[in-house]
Each structure stands twice: as C-alpha cells, then as structure tokens.
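Hi there,

Here is the structure I promised to pass on to you. Have a look at it first, and then read on for what turned up.

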Amino acid sequence: LEADEPQVPIRTIRRAALGRTVEWDSSERHDLRVLIRRGVLEQAVAEAAEAPEREVAGFLLGHLCRDVDVRDLFLWVTCHVPAEGTEATGTSVTFTAQTWARAREVIAWRDEGEIFAGWVHSHPFRFCSECPTPPKPDCVGKVLFFSPEDHFLMEVTFAQPFMVALM
C-alpha cells in the first residue's frame, strides 16, 4: 500500500515576469530558489516590532512554481498572514485551532490558489547599547536562531521539502 501523499499544485510561470529580484545570500545550483515579495517581509518585520516583548508568528502563503524558460522549480511567497489567536510568551508561540482556521479563511478569501509555503516568527530582542548599526554578527546570532522547539515545529508542521521558515 502506498500512503496518500498530498498533491501540491505547481504553477507554470515565467520567473522573469515577476520583476527584478535581489539575491539575499549565495545559493548552490541545486538549492530551491525562494522569491519573497518585499511587502511580505515588511509586514512580518512590522508585526514583530509591534510586540518586542513576546514572540510573534505568521503563515507564509504562496505558490510552488516551474519557470517556463529554464524549467527550474522555485517557491514564490506572496502573502504573510499574521497568526491570530496564538498563545505567545517571551520564549514561545503556539498555533491554536483558531490560528489555523483564520489562515484557511484568508486562503479562501484571497482565492488565488495559494498554499501554505511556511511560517515566520520572531524572538523578543533588543540589541545592546554597544552594538553598532548594522549590528555585529555575534549580536545578531543571539536573537536570530532556531530553538529546538522551532526545529520540531518545522519538521512536524511545515514538513514539505519546499516549505521555508523566516525569523
């Protein structure tokens, strides 16, 4: 018997038609390219800034796509959905049934065929007064990390190989 694996729709699109892109970091040829609308990043950062004392989370929606020009797969993240109804503290965030229901409502309301592409969350932070702008890498490393709980959530809940996590 074979397990019923969920079928993930793949959109055929010309990646160049999405406009100018900026590479965030270096990638290897075999890496799945991830394109994220700038507004998605701005919304996630703004939401985290509104609650610096606790963790904040959200869902990433988008499309798994195949570039018609080069035939490569890529993930196109098109929407950030704030995770409403979470149970959040300074050290954790828990998605509730209400959180998932709201995200599914947004998917239905947008009616763009988007799928869950991953998640985003913040850790409470304040850089020390000695940190320059931009902050030193060792200062950034103290606030930008995946906790064991974050790894577990990613492995269990956002387990599709194309799903991403931002913090």
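Accessible areas here come from the Shrake-Rupley method with a 1.4 Å probe, and for residues only the protein chains shown count as cover. On that basis the protein exposes about 11,000 Å², with carbon and sulfur atoms supplying 53% of it.

Some housekeeping: this is a predicted model, so local features need pLDDT of at least 70 and side-chain atom pairs count only at pLDDT 80 or more, while totals for chains, interfaces and linings use all residues. Residues are numbered from 1 along each chain as its sequence is written, and side-chain values use heavy atoms, with hydrogens and water left out.

Now the fold. The protein has four helices and eight strands; helices (H or I, at least four residues) and strands (E, at least two) are DSSP runs, numbered from the N terminus. Their order from the N terminus is β-β-α-β-β-β-β-α-β-α-α-β. Of the 167 residues, 34% are buried (buried means under 20% relative accessible area, exposed over 50%, partly exposed in between, with a 1.4 Å probe and protein chains only).

The largest pocket holds about 1,000 Å³ of space. A pocket is, on a 1 Å grid over the protein atoms alone, an open set of points where a 1.4 Å probe fits, with protein on both sides within 12 Å along at least five of seven lines; lining residues have an atom within 4 Å of a point. Its volume is the space filled by probe spheres set on the points, which are joined across faces, edges and corners. The lining has 26 residues, and Val22, Trp24, Val34, Leu35 and Ile36 lie nearest the centre. Two or more lining residues come from each of β2 (33-36), α1 (38-50) and β8 (164-166), and β2 gives the largest share, four residues.

Which backbone angles deserve a look? Arg71 is not a glycine, yet has a positive phi of about 70 degrees. Arg71 sits in the loop between β3 (57-67) and β4 (73-82) and is partly exposed, at 49% relative accessible area. Asp111, also a residue other than glycine, has a positive phi near 50 degrees. Asp111 belongs to the loop between α2 (97-110) and β7 (115-121) and is exposed, with a relative accessible area of 66%.
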